[in-house]
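Hi everyone, thanks for making time this morning. Have the model up on your screens, and let's walk through a few places in it together.

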Amino acid sequence: MDSLAGHFLISTPQMPDPRFQEQVIYLCAHNEEGAMGLVINNPNPEITLLDVFHGSNLTIPDGPIPPVYMGGPVETDAGFILYSTETPDRYSVEVKPGVYLSRDSRLLEDISLGQGPKHFLFMLGYAGWGAGQLEGELVDNSWLTVPADLEVLFHTPDDQKWKKAAQTFGIDISTFGDVIGYA
């Protein structure tokens, strides 16, 4: 299977794991050793980015403060910044052209000073799969895969991302299970 890095995993109504129901994951890595992605539509109700700035003794930026997302159930104390820019931080990994992933605290400091990327998501934790595990879930119709859309990733309200990610490709995800078949 070709790498799905830079794609969305959209949970289908057949998703057996309640932690991922109506979730959209942006896949950051996918190879023969496994996969890693970040849930992009699950804001954390218990912590805000303001809390993170305060806890890190960073400047509080002007304007609205975006939410902190629950990126997944693995390493929930690890912070990740998924962002779009033309000039990436040197400690970032390019997921696809123009989209980068970083764990560098200096990028968070740049954001607090208003010098970081304009379009970003800050996550705690990630979703991970061992070798062949994601492929098995795809065969079981737990996930729909589509190329990621930056409009959905950075500009769509969280409560609309699940449906909009699928609608971008003409799919009504709420009825997806009614049309699945095998050839």
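Let's start with histidine 30, which counts as buried because its relative accessibility is 6%; buried here means under 20% relative accessible area, exposed over 50%, and partly exposed in between, with a 1.4 Å probe and protein chains only. Histidine 30 sits in strand 2, residues 24-31. Helices (H or I, at least four residues) and strands (E, at least two) are DSSP runs, numbered from the N terminus. What does the side chain of histidine 30 join in a polar contact? The partner is the side chain of glutamate 135, at 2.7 Å. By polar contact I mean a pair of N or O atoms within 3.5 Å; within protein, one must be able to donate a hydrogen and the other to accept it, and residues adjacent in sequence count only if both atoms are side-chain atoms.

A quick word on the model: it is predicted, so local features need pLDDT of at least 70 and side-chain atom pairs count only at pLDDT 80 or more, while totals for chains, interfaces and linings use all residues. Residues are numbered from 1 along each chain as its sequence is written, and side-chain values use heavy atoms, with hydrogens and water left out.

Now to methionine 36, in strand 3, residues 34-39. Methionine 36 is buried because its relative accessibility is 15%. Leaving out neighbours within four places in sequence, its contacts (heavy atoms within 4.5 Å) include Leu27, Cys28 and Ala29, along with Phe80, Leu101 and Trp129. Valine 24 is twelve residues from methionine 36 in sequence, and the two C-alpha atoms are 13 Å apart.

Leucine 101, in strand 8, is the bridge partner of valine 93. Strand 7 (residues 93-96) and strand 8 (residues 99-102) pair in the antiparallel sense over three bridges; pairing requires that DSSP finds at least two bridges between the strands. Two residues lie between these strands, and glycine 98 in this hairpin has a positive phi near 90°.

At 45% relative accessible area, glutamate 75 is partly exposed.

Over to leucine 121, in strand 9, which is buried at 6% relative accessible area. Not counting residues up to four places away in sequence, leucine 121 touches, among others, Ile40, Tyr69, Leu153, Phe154 and Lys161.

Threonine 156 is in the loop between helix 4 and helix 5 and is buried, at 8%. A polar atom of its side chain lies 3.1 Å from the backbone oxygen of glutamate 151. Beyond four places in sequence, threonine 156 touches Glu151, Lys161 and Lys164.

Last stop, the largest pocket. It is lined by 15 residues, with Pro66, Pro67, Tyr69, Phe120 and Phe154 nearest its centre. Strand 5 (67-70), strand 9 (119-130), helix 4 (150-155) and helix 5 (158-167) each give two or more residues to that lining. A pocket, on a 1 Å grid over the protein atoms alone, is an open set of points where a 1.4 Å probe fits, with protein on both sides within 12 Å along at least five of seven lines; lining residues have an atom within 4 Å of a point.

Thanks, all!
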